[in-house]
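Hi,

Here is the structure I promised to pass on to you.

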Amino acid sequence: MKPVYLDSAATTRVRDEVIEVIQDTLLNFYGNPSSTHAFGRASKSIIETTRKTIAKELNASPQEIIFTSGGTEADNMILRCAVRDANVTTIITSPIEHHAVLHTVEELRNEYNVTVEYVKLQDCGTPDYQDLERLLSANDERKLVSLMHVNNEVGNILDVDKVAALCVANNALFHSDTVQSIGHYKWDVQKTPIDFMTAAAHKFHGPKGIGFAFIRKSNALKPLIFGGSQERGFRAGTEPVHNIKGLEKAFVLAYENLDEERAYVEGLKDYFKKEIKNAITGVKFNGDCSDNSKSTYTLINVCLPMSAEKALTLQFQLDLKGIACSKGSACQSGSGKGSHVLEQILNEEDKLKPSVRFSFCKYNTKEEIDYVIGVLKEFVEK
């Protein structure tokens with residue numbers, strides 16, 4: 001069996017079409033986009049066309065799209081600038097956000113004495129919307145809510161329309177880390193009054209090192225990175241034109257093929273759930289997997305019935321068999337620490353068992369899933 005990659009929530013394989021346009025751009029559009037000569041204007045045109053393409057799909061204005069190095073920079077930029085420039089004194093978030101949010105709000109609490117409130121979680125990890133409403137209405141402080149749309153470890157989907165409505169009713173700003181959902185779900189920022197969103201191209205078959213922030217134009221934030229006048233003066237630094245072109249190609253293909261590819265990938269996840277339950281007695285799914293409207297179609301987090309001692313070698317054994325997946329979030333896999341998400345939502349018994357995230361994409365097959373489940377079954381029963 002050739003190696004099996006089931007870790008697309010960490011990063012995706014780049015589409016062949018994306019690689020082709022990146023190579024073409026590197027060869028033929030090497031002018032600095034800030035230069036006024038023909039070479040520079042050609043590069044600048046690529047950037048502005050990509051900005052318009054993204055804005056059209058999100059039903060936003062081009063000026064509301066700011067290119068960044070990825071989701072982490074975009075999250076940091078939005079949260080920091082909201083505190084500094086939008087008079088935010090209270091941030092409401094959850095304890096299972098990505099560390100790009102959690103570590104940033106912790107720093108903001110230390111630097112600016114911002115109040116940080118953590119919304120209660122339901123047993124499956126979904127935010128308690130009644131508790132969110134309580135926190136929003138507790139006082140007249142200027143508040144920002146930061147809750148991710150799709151949890152990167154367990155796949156829970158936030159009801160963004162409900163959260164946006166609560167924020168509007170309480171005059172609060174709403175930021176969502178949408179890194180796991182841009183390219184996988186449709187958005188209309190005119191229908192959903194969200195203030196800030198973030199994206200990373202490598203989560204939807206584009207290149208690493210490029211992403212964008214959506215910043216609603218009514219929020220007058222100032223730059224975080226200073227220097228030149230790039231990105232309409234909001235983010236200094238010469239733009240990586242080839243990566244921006246690659247982002248555009250991946251973004252366009254993601255939405256052109258969204259319905260077809262979603263149906264296929266959703267079928268893989270459903271097949272995985274059914275087959276692993278049949279193969280391994282006592283297997284559990286972490287997060288809200290009760291139906292596909294509450295859990296993303298792109299990933300599943302599985303709690304396996306085995307001892308803590310045996311679990312120590314699971315990841316090693318899977319890697320030996322050529323299987324790529326994640327124990328917790330890939331962003332912390334090298335730290336040796338357990339998942340902060342699972343720590344919050346699992347009972348004490350299940351915390352002692354190994355939990356593994358498998359994430360799917362258009363390049364995976366049922367044959368690969370059969371192989372992976374066979375390997376897991378053999379290891380559990382050995």
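Strand β3 (residues 90-93) and β4 run parallel and are joined by four bridges. (Helices and strands here are DSSP runs, H or I of at least four residues for helices and E of at least two for strands, numbered from the N terminus; two strands pair if DSSP finds at least two bridges between them.) Across from I92 you'll find E117 in β4.

Before going on, a note on where this comes from: it's a predicted model, so local features need pLDDT of at least 70 and side-chain atom pairs count only at pLDDT 80 or more, while totals for chains, interfaces and linings use all residues. Residues are numbered from 1 along each chain as its sequence is written, and side-chain values use heavy atoms, with hydrogens and water left out.

Back to the sheet. Its seven strands are in the order β2-β8-β7-β6-β5-β3-β4, making an open sheet with mixed pairing. At the edges are β2 (65-68) and β4 (115-118); each has a single partner strand, so one side of each has no neighbour in the sheet. On average, neighbouring strands are turned by 20° against each other, direction ignored. (Angles run from 0 to 180 degrees between N-to-C directions, and axes are lines fitted to C-alpha atoms, for helices over the stretch in contact.)

Now for helices on the sheet. Helix α2 (residues 38-58) lies across β2 and β8 (211-215) and runs at about 120° to β2. Helix α4 (residues 99-112) touches β3, β4, β5 (143-146) and β6 (173-176), and its direction makes about 145° with that of β4. Contact means heavy atoms within 4.5 Å.

Next, two helix pairs. The axes of α1 (residues 16-28) and α7 (residues 241-256) come within 8 Å and cross at roughly 155°. Residues in their contact include V18 and V21 of α1 and A250 and L253 of α7. By class, the contact of α1 with α7 has seven nonpolar, three polar and three charged residues. (Ala, Val, Leu, Ile, Met, Phe, Trp, Tyr, Cys and Pro count as nonpolar, Asp, Glu, Lys and Arg as charged, and the others, Gly among them, as polar.)

In the other pair, α8 (residues 258-279) and α13 (residues 366-381) pack at about 25°, with axes 10 Å apart. α8 and α13 are therefore roughly parallel.

Cheers

Key: Angles under 35 degrees count as roughly parallel, over 145 as roughly antiparallel, 65 to 115 as roughly perpendicular and the rest as oblique.
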